Amino acid sequence: MEPLEGKIIVKSSSSISHYGVRLTVNGSVNLQIRGGSAGIIESLYGVLKPISILNKSTEVRPSGKIGLGTTEIPFSMFLRQPGKDNLERFYETFHGANISAQYLVTVDIIRGYLHKTLSATVEFIIESDKDDLLERPVSPEMVIFYITQDTQRHPLLLELKSGGFRVTGKMSTQCSLSDPITGELTVEASAVPIYSIDIHLLRVESILLGEKIVTETSLIQSTQIADGDVCHNMTLPIYIILPRLLTCPTILAGPFSIEFKVSVVISFQSQLYKLHPKSDPTTPTLWTAMESLPLELVRTR
Amino acid sequence: MEFRPRNYIAEQQSHALPRLRAQNHPLSAPSSPLLSQVAVADHGNNDFFDPLRRSDNNATVSKDDFQGHENTSSETSSQLPTKEWMSFKRFLMQRFPVSKMVSISSISNVIMKGAKAYDKSSTSMHLEELEDPEKYAEEGVKVITRQEYVSRLHELKDEINRSWRANDRVTSLKLSIKVARLLMDTSILQFYPTLFVLAMDIMDMLGDMVWERIMWKAEFAEDGTRLCSLPDNFQASDICSDAKETCNNWFCKIGSIRELLPRIYLELALLPCWRFLVDKPEDCVQRLVMMTRGLADPLASAYCRLYMAYCAQKLPSCDIGYLVKCVNDIKILVMRIISAKETTQGNITNNRRLLITLMEPTIEYIMKCIFKDASQRQVGNVLVELGLGMNQVELFGSFSCLSIVLHHLLKELPAEVVTSSAVEILHTIECSNDYSFDQCLNYRLLGFRLSERKSRRDIVHAVVDKVTQVMSERNSLDEYLKVVDAYVDIVLQNQMDNHLNTILGGISKRAYNKVVTEDELASLQSILVKLLTHFKVVENVFTLNHFLEILDIMYGSSQCIVNMHILNMATRNGSISDPTSIQLLFEISQNLHDDGDFLNMKDDDNQPARLISRFIHMVDYGTEMERHLAFLVECRGAFSSFNELKETLVHSSNCLAIKALKDAKKHLSFVKSCIAFSEVTLPSISAWVKQFYLYLETAEVALLCDLVSHSDGLIDSAINCLLSLDLMDGSRTSIDVEGILSAIQKLCSHLVMVPGNSEQGVTYFPNNILSLVNSRSWMTPRMRTRVFRTILTLTATLSQNKLPYHADHGEIPGNDLLFFGDSSYLRELVSFAEYVLQNLVDTVQQEPSQVTMPFTILLYKLTILDFTDMMLNKAARGRMALEACNCIASSFMEILTGHGSLISI
C-alpha cells in the first residue's frame, strides 16, 4: 500500500512555539438509518455506533518553534505496516445514503495550556491496494434475461397484458469499476409502442440492526438505451459507464453491506403517463415492465 | 493655274516596295525552343493552379508552422475534409428553407428560458424534463421566430466558448448537452436540418476544445514546460496518466447523460479523444452505430448517423463497414415509414414524403463516404453487405433495394462497376419500386452513369432495349422525357437509329394534344440539343422522324435555344442550297424573330439576329436568282425588327446583282430589281455610317452594271445621308469625326470612277460635298481643311489624261475617255479647284496662330514650286497649313501668287 504523503503548511504572522506537531489518521464506517425499509422506531435510533477501521497518530515534528511566514512540513506515513498481517479491513472510501466509509487526516499543533491547539482536518480517498486485488479476471459471464407480460409481478395495462410483448437480452453481472457494464437487448415483439427503455443502476445499502436488516435502495444513474418505438429484432447495445463517486466494490461485511443492481425498465406509450408524471422511475407502474439483475462490482488492476 | 500631270503607273512602280520571297511563313509554328518553353511554363503553372497539390502544400506548410505551437493538436483533429463538410452544411441549410416561425416544445426550454436556465444544475433540469414533458403542451405551443432560435443558438455557442475560456468547463459541457438535447425534437421537420447544422457547429467546437486540452495535458507539464511532442500517429501508450485521467473523466461525464441521443452526439464530438485512451478507437464507432439503433425517430437517427459518418473520418483509420451498417439501418427506418399504416402514427404519415426527403441528404453523404476511396474489392463487399449481391462475382442479384438507397448508391458507384454490371443494375432498378424515390429518376441516373464512359456494345444494347421497353409502358410525358434524356447520348453514340426513332416517336405520341409543362420543356430542350450536337449536317436532323413535330410543340425560351442551335448548325458549313431546308430554317428564324424576348436586346448581344443574318447570308439558290431575290424580299418582310438584318439583305442583293452580271448579259432587268430592292431597303437602316457605306456599295454595283442614273441617284442619297447627320444629336465624339472624314474620302475616291454628267456639270458631286461642308456648323476648321484637301486631290486626279482606276467592267468610260482633251472640262475643273483652294486658304487663316515655329520643310517645298512671293516669318497654323500645302503641291504645277497668303502664315 502506498504511504499517505503530503505537507502541512503553516502560515503565520508571528512565530509559534509548540509542544509537537501530531498527525492523526482516522477511518471509520458510519451507519445511519433513515428511510428505506426501516420503520419509524428504528429511525429514532438515528446514528449507529460507527465501525472504526483505523486510528493512528504520529508526531511529525518534536516540540520547538515555527517561524513566521509560510512553513512547510512534509510528511509520509504508512497506514498499514507492510508484511504485517493486518486484521482490520480497509473499505474503500464511499459516501452512500445510509453508509459512508470515510478517511480523515488531522494535524494538531499543541501549544501548551494557555493556547488553543491549532488543528486542520482533510479527507483522503482510499482505493483498494492493487496488490490485494483479485488476480482472476472479471468473469465474462452474461446473464440472459427476458421480459414479457408474464414475468411482471405488478399489474399492467389491459392492452399490454392482452397484446403482449417480449424483450430479451443479456448483461454482465460482474463488472470491474473501471469498465462499463455491457450487454445487449432486443425488442422481439410489442403490441403497444415502446416509449423508452432505460437501465437503472441501483445501490442497495443494508445495515444489520439487532436482528433486523435495514435496507435502503437508491437510484444512482439511469441510462436510456432506446428512445421511442425502436425497430423490432434489432440488437441494441447496453453500455453503461459507472459513475465514479457513487460506486464502490460490492461489500458484504458483517454489520453492513453495499450491493448493486441494475434494472431494465421498459415504458410503453400510454395516456396514463401524462396523468402521473411525477412517479419514481423505479416504482413499477401500469405502463412499465421491468427486470432487475444483481451486479457485483469489483476493483481490478 | 495648272494641274500637275501625273503618271500613276510609273509612280506606283517607283513607290512600291521590292517584293522578296520569304523563307518561312511569318505565322507558322516557331521552332522547338519556344515549344519547350511553353511546356516548362505549363509545368510551373501546375504548382499554382492544381487545387489538390496546392492544398497539400498548404497542409505541410501549416504543419511545419505549428511545430512549437500549442494548437498543433487542433490542427490534427480538424484536418479532415472540412471544406467538403462546410459545403455540405450549406447545402443542407439551403435545401430545406424554414418557415419563419418555429414552435418550441418542452425539450427546447434552454432556448426559451435563456440565460436563467443555467443556474439550475443539470440534474434538476433533467428531472424537470423527465417529469413534465407535457407541461408546455398544456400551456399551448410556444412560437418563436426562426431568427430568434438561430440567434439563441449562436448565443449559446458564445456562452460555451466563454465559460471554457474562463476555465468553467463543466458549464461548457452542460450547455453543450442542452444543445444536443435540442436535436431530440423533430416536431418541426423542415427545421431539423438547420438545427442539426447549428448544433453540429457547437458540438464540433466542444470536441476541438476538449481535444486541445487533453493534448496540452499530454504534451505539457502543469507549469507549462513541454514534456514531449506527440507525433500525429501517437499511440495511447504515449499519453501520460494525467492526460488519460482527464480524458477518462470526460467520457465518464458524458456517460452519465441519461438520454440516448445527446449521449451519442457528445461521444461523437469527443470521438477523436478515444485515441488518448485506446489504440483502436474504431471499435467505439462500431458500438455507437449499434447504440444509434436505439433512436426510434427516423429523422433524428438518420442525422445522428450523418454526424457519425463525419466524425469517424477524424479517426486515423476507419473501416467503412460501419457506414454500410448505417445505410442498412436507415434503410430499415425508411422501409418502416413506407410500410406504416395510414392510421397508426398520425404525425409521421402526414409527412412521410417530406420525411424521406429530409433523410435523403444523410443517405447521400454516407454513400459518398463509403465510395470515397473504395477499391474494387471493397465495392463488391459493400454491395454484398447492402444486400444487393450474392457474392463478389454476382454483384447485383435479383434483389430489390430501397429505391432512394439505390439511387445514391448508383450515384457513387465507380464507373467501371456501373458499366460492367449495367444490366444487373437495371434489373435491380426494375425490382425496386417504392415511393421513397421516383423509379424513373433511377433509370435516368443509370443512363447518365453509363454515358460517362464507353461500355461494351452488347451491354449498352441490352440496357437500352430494356429501358425503351419499360418506358414504352409509361404514359407520362415528363417521366418519359426524363429517362430518355439520359439515354439519348448513348443511343446516338452507338448509332442505334431504330431506338432513336422509337424515342422520338414516343415523345411525339405522349406530347400529342397536350400542353407541355416547364419541366418537360427543359428535358425536351436538353434532348434536342444533344441531337443537334451529335449530327454534323442539319438536313440529317430534319429528316429524322417526328423531329419537326417535336420542335413544333415547344415554345418559349427553350424553343428559342433549340432554334438557335439549329441555325448555328446550319450556318456552320458553307452555303445552304436545299430549298426545303431553306424553307424550314426560314420558319425557324421567323419563330425566333417573333419571340419577344430577343427584341429588347442590344444589337451587339443579339445572337438570334446574328444567326439569322448569317443564315440569310449563307442561303444560295444557285442559278435561281429570281427565287433568291424573292427570298430576300420575304426576309425583309419577316424580320423587320432586326436592324442588322437589313444590311445583310442589301449585301446579299448586291452580291446577287454582281453574280447576275458575271453570269451573262441578259439579266439587266434582274439586276435592276436587285438594285431597286437595295434602294428600297436602304432608307430603313438607322445607323448612318452603315447606311452611307451601303449606299456607296450599291452605287458601285449600279455603276458596274452600267446603271449610271441609278448610281448617281445613290450617290445623291449618300450625300443626303451625310447631310441629315446634324439632325441627330449634337454630341459627336472624335471617333465619329474620323468616321465622317473617312466616309467622305471614300466617297471622293468613288467619284473618280463616276463619269461626269454634262448636264449637271462635271463638278456636280464635289460641289455638293463642298456645300455640305460649308453649311455644317459642326465641322471644325481642321475637318474642313481635310475635306477640302480631299476634294482638291479629286479634281486634280480627274484632270489627268489617264485615271488611276476605272469601274471594273470598263463598260462605263471614265472621265479621262469621256472628256479627253476637252478644254472646257479642264477649265471647269480648274475654276472649281481655285474656288476650293480659296476656301481652303480661308479656313486655314481662320485658325488663330498660336505656335511659333519655322517651317523649313514648307520653305523647301515652296522653293521647288518656284514660289517667290513668300513671306514666311512665323508659321503658326502648323500642320494644317503644311498639309494643305503638301496637297496643293502635289496637285498643281504652279500656284498663283494670291495663294501665297497660305504660305505666309
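This is a predicted model: local features need pLDDT of at least 70, side-chain atom pairs count only at pLDDT 80 or more; totals for chains, interfaces and linings use all residues.
Start by selecting Leu585(B), Ser589(B), Leu592(B) and His593(B) in helix α32 of chain B, and you'll find them meeting Pro608(B), Ile612(B) and Phe615(B) of α33(B). Contact here is a matter of C-beta atoms, placed from the backbone, lying within 7 Å.

Residues are numbered from 1 along each chain as its sequence is written, with chains lettered from A and ligands numbered from 1 in the order in which they are written.

Stay with the pair and show residues 579-594 of chain B, which is α32, alongside α33(B): the axes come within 10 Å and cross at roughly 155°. The axes are lines fitted to C-alpha atoms, for helices over the stretch in contact, with angles from 0 to 180 degrees between N-to-C directions. The two helices are therefore roughly antiparallel, a label for angles over 145 degrees. Their crossing is left-handed, that is, the near helix is turned anticlockwise from the far one by less than a right angle.

Next, select α35(B), residues 643-663. This helix has 21 residues and reaches 31 Å from its first C-alpha to its last, close to the 30 Å expected at 1.5 Å a residue (the expected span is 1.5 Å times one less than the number of residues). Its buried residues include Leu645(B), Leu649(B), Leu656(B) and Ala660(B); buried needs 20 or more other C-beta atoms within 10 Å of the residue's own, exposed 12 or fewer, and partly exposed is in between. What do they pack against? α33 (607-618), α34 (625-638), α36 (668-681) and α37 (688-704) of chain B.

Now jump to α26 (477-493) and α27 (497-511) of chain B, whose axes come within 11 Å and cross at roughly 160°. That makes α26(B) roughly antiparallel to α27(B). Among the residues making the contact are Tyr480(B) and Val484(B) of α26(B) and Ile503(B) and Ile507(B) of α27(B). By class it has 9 nonpolar, 2 polar and 1 charged residues. In the loop between these helices sits Gln495(B), which has a positive phi of about 50° although it is not a glycine. Buried or exposed? Gln495(B) is exposed, with 9 C-beta neighbours inside 10 Å.

Ala302(B) is the next stop, in α16 (298-312) of chain B. This residue is buried, with 27 other C-beta atoms within 10 Å. Leaving out residues up to four places away in sequence, Ala302(B) touches Ile330(B), Leu333(B), Met359(B) and Thr362(B). Thr362(B) is 60 residues along the chain from Ala302(B), yet their C-alpha atoms are separated by 6.3 Å.

Over to chain A, with 3 helices and 19 strands (DSSP runs numbered from the N terminus: H or I, at least four residues, for helices; E, at least two, for strands). Pick Asn233(A), in the loop between β15 (212-227) and β16 (235-240). Asn233(A) has a positive phi of about 60° although it is not a glycine.

Last stop, the interface: the contact takes 21 residues from chain B and 22 from chain A.

Notes. Angles under 35 degrees count as roughly parallel, over 145 as roughly antiparallel, 65 to 115 as roughly perpendicular and the rest as oblique. Two residues are in contact if their C-beta atoms, placed from the backbone, lie within 7 Å. Ala, Val, Leu, Ile, Met, Phe, Trp, Tyr, Cys and Pro count as nonpolar, Asp, Glu, Lys and Arg as charged, and the others, Gly among them, as polar.
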